[in-house]
Amino acid sequence: MHGFWQHVRMTLVLNFRNRQALIFGYVVPVFFLIAFVAIFGQTSMAKTIAPLVVISILGGACFGLPITLVNERDRGVWRRYRLTPLGAGTFITSTITSRLVLVATSVALQIALAMWIYGLPWPKEPLALVVAFLLVSFAFIGIGLVIAAIANSIGAVQALGQSLFLPMIMIGGVGVPIHLLPKWAETVSMFLPGRHAMAMIERCYTHDFTDLDWQRFMWRAAILLLIGGSATLAGGKLFRWEADQRLPRSAWFWVGLSLATWIAAGFLGRLMKLA
Amino acid sequence: MPAAVEVTDLVKRYGTVEAVRGVSLSVAPGEIVAVLGPNGAGKTSTLECIIGLREADGGTISVCGIDARRDPSAMRERIGVQLQATSLPEQIRVREALKLFASFYRHSVTPQSLLDRFSLGDKADATFASLSGGQKQRLGLALAVINEPEVLFLDEPTAGMDPQARRELHAVIRAMKAAGRSVLITTHYIEEAEELCDRVAVIDHGTVIACDTPAALIARSASATRIVCTTDRPLDRTALATLENATAVEVDGLVARISSGAINHTVIALVHHLEAVGATLVDLQIRKPSLEDVFIELTGRKLRD
C-alpha cells in the first residue's frame, strides 16, 4: 500500500509541475466557465454548471489521462516501473485515483468560482452530486484507460479522444441541450455516456429528488458503473508497459465489450424511459 | 544451495525470427557472470526474458528459487535491474525518484545512503531531465540496488557511461560479490567481462556457445602467444618465418607479429636475427591470447561487429 500511495502522491506532484497539464486541467475549465456564462447568461447557472462539469471530467479523463500514460510509456517510464514488484493492477488503480483527485480539484475550482462570481446556487441534492461526480469520473476514466491502451501515440490519443468527445458535445446533450436536438440525435444520445452524466449532475442541482428521480438516478448510476466497469476492465486487460508491446488478439473483444455496454446503456435508458 | 539464476532451454521468438534458441545458463550465489556477444546475438532478449520484460516462448527460468515465469512479482522483490537506459518522469527529482522506488519494495535502503554512495548528493533536488547521461546512469544504478537485491541484472551497463559512473558500477559489482550476492551482466566490453566476472557465457545467434572462467576459455584457445616487435627498419617476412618455433608471421611496416609455440626460443632467435640484419629493436611485447581472440575463434566475428 505504501508504494500505491507514493505513486498517487508523485503523480499528483508531477502533474502540478507540468505547466501544460495545469493549463488544460485548471485554466481551460475556468475559461469554459466564463465562455458559457457569456453565451447562456447567469440566470440559469444551476443548468449551466452541469455541461461544464461533464466537459472538465471528459477532458481530464479522455485526454489528460491517456496523454500522460502514452507519453510516459513512449519514454520508457512504465518499462522501468514494470521491473518493480508492484503489478499492473496497483499502478492502474493508483493512476485512476490520482486522476480522480485531479478531476475533482478541477471541478471543485470551477464550481467554487461559479458560486463566488456568478452566484451558482448550492445543489439541491449535494450528496447525490458527489456520487454522480464519482460515477461519471469512473466511467470516463475507464474510457481514458482504453484510449491509452489502444493508442500508439499522442496523436492517436487526440484522434480517439476527439471521436468520443465531439459526439458527446454535439449530440450527447453536453454542449447542445437535448430539447434542441432532432429526434434521431436525441435517440442516439441515449447510447452515449455523456447524456447520462449530464442528466445526473444537472438534476442534482435543479431538483429536490422525488422517488421517481431517485429511481432514475439509480438507473443512470448503474449505467455509468457498467460503462466504467467494463472500460476499466478492458483498459486493465489491454494495459501496455512498453511502446513496442503489441496489443493481444483479444483486444477487439475487450474494446467491443466496452462499447457493447454503451449499446446496452442506450437500450436500458430507453426501456426505463430515462429522459 | 540453489542457483541464484537457473535458465534452461530458453526460447524467444519475434514473429518468425528465433532470437533466443535454447539458452541454458546458471549463476551461483556470489558469482558474477557475463553474457558476452555481438549486437543482435540474443543477450538482451535472454536477460529481458529472465527479468520478465519479455514473455519467453519456451524454457524454464528460476531466480532465487522462484519460478520467474509464474511469479514475476515475487522475483522482482529480490532482484535489481539496470537497463541500457533508465527513463523516469522528466520532472521527478532525484531524491523523489529514490523515495518512490524505495516504497515499491518491502525492504529498501534509505535514499540518503544511495545519494551518498552514488555521488548524487548535490543533485538530490535536480529533476531527472536536467541530469547528464552519466548522472542518469548512476541514478539508474542506485534504483537497481535500492532493495539490496540478491541478484543484480545489468544490461550493457557501461555503454555511454562516464568514467566516474563506470568506477562506481565496478565498485557496486565487487561489493555485491563480497556480500555473497550475484550479478548477471550483458556486455560487449570484453575487458569488463575479463576483469570483473567469474564466468563468461559467450552467446551468438541465440545460443550459448561457451561458458567458463575467462582463464579457462583463454586456455582453450587455439591462438598462440604472439611476439610483437617494433624495429627501426622493416623486417623480411620470409626470414622471420624461419625463426625457431615461429608458426605465423605478419609484418605491417615497422611492426612484426610472430606467433610462437615456444616463446623463449623464438625470442632468442629473433634477437639473433635482428643483430644479423643490423636492425635496432624499438619495442618488444609478448601477447598472450585474449578473451577477444577466443571470441573471434568461437564466433568468427569481432565483438563489436
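Colleague: Which kind of crossing, left-handed or right-handed, does H9(A) make as it passes H10(A)?

Modeller: H9(A) passes H10(A) in a left-handed crossing. A crossing is left-handed if the near helix is turned anticlockwise from the far one by less than a right angle, and right-handed if clockwise. Helices here are DSSP runs of H or I with at least four residues, strands are runs of E with at least two, and both are numbered from the N terminus.

Colleague: Before we go on, what sort of model is this?

Modeller: It is a predicted model, where local features need pLDDT of at least 70 and side-chain atom pairs count only at pLDDT 80 or more, while totals for chains, interfaces and linings use all residues. Residues are numbered from 1 along each chain as its sequence is written, with chains lettered from A and ligands numbered from 1 in the order in which they are written.

Colleague: Thanks! Back to that helix pair: at what angle do the axes of H9(A) and H10(A) cross?

Modeller: At roughly 140°, with the axes of H9(A) (residues 193-206) and H10(A) (residues 211-237) coming within 10 Å. That makes H9(A) oblique to H10(A). For the angles, axes are lines fitted to C-alpha atoms, for helices over the stretch in contact, and values run from 0 to 180 degrees between N-to-C directions. Under 35 degrees counts as roughly parallel, over 145 as roughly antiparallel, 65 to 115 as roughly perpendicular and the rest as oblique.

Colleague: And which residues of H9(A) and H10(A) meet?

Modeller: From H9(A), A:Pro193, A:His196, A:Ala197, A:Ala199, A:Met200 and A:Arg203 meet A:Asp213, A:Phe217, A:Arg220, A:Ile223, A:Leu224 and A:Ile227 of H10(A). Contact requires C-beta atoms, placed from the backbone, within 7 Å. The residues of this contact divide into 8 nonpolar, 1 polar and 3 charged. Nonpolar covers Ala, Val, Leu, Ile, Met, Phe, Trp, Tyr, Cys and Pro, charged covers Asp, Glu, Lys and Arg, and the others, Gly among them, count as polar.

Colleague: New topic, the interface. How many residues of chain A are in contact with chain B?

Modeller: 20 residues of chain A are in contact with 19 of chain B. On the chain A side, H1 (2-17), H3 (45-75) and H4 (77-82) each supply at least two residues. H1(A) gives the largest share, 7 residues. That side divides into 6 nonpolar, 8 polar and 6 charged residues.

Colleague: Now chain B. How many helices and strands are there in chain B?

Modeller: Chain B has 11 helices and 14 strands. Its C-alpha atoms fill a box of roughly 75 × 45 × 40 Å along the principal axes. Of its 305 residues, 44% are buried, where buried means 20 or more other C-beta atoms within 10 Å of a residue's own, exposed 12 or fewer, and partly exposed in between, with C-beta atoms placed from the backbone.

Colleague: What is the strand order of the open sheet of 6 strands?

Modeller: S6-S7-S8-S3-S9-S10 in chain B, with mixed pairing; two strands pair if DSSP finds at least two bridges between them. S6(B) and S10(B) (207-212) stand at the edges with a single partner strand each, so one side of each has no neighbour in the sheet. The twist averages 15° from one strand to the next.

Colleague: In what sense do S6(B) and S7(B) pair?

Modeller: Parallel, over 4 bridges, with S7(B) spanning residues 151-155. B:Ile79 has B:Val151 as its bridge partner in S7(B). S9(B) (residues 199-204) and S10(B), in contrast, pair in the antiparallel sense over 5 bridges.

Colleague: Are the faces of S6(B) covered or open?

Modeller: Both faces are covered: B:Ile79 and B:Val81 on one side, B:Gly80 and B:Gln82 on the other, are all buried. In general, side chains alternate between the two faces of the sheet in a regular strand. H5(B) (residues 133-144) lies across S6 and S7 of chain B, at about 165° to S6(B).

Colleague: And which order do the strands take in the open sheet of 4 strands?

Modeller: S12-S13-S11-S14 in chain B, with antiparallel pairing. The edge strands are S12(B) (246-252) and S14(B) (281-287). S11(B) (residues 225-231) and S13(B) (residues 255-260) are joined by 6 bridges, and B:Thr225 is partnered by B:Ser260. H10(B) (residues 263-277) packs on this sheet, touching S11, S12, S13 and S14 of chain B, with a direction about 20° from that of S11(B).

Conventions:
Contact = placed C-beta atoms within 7 Å.
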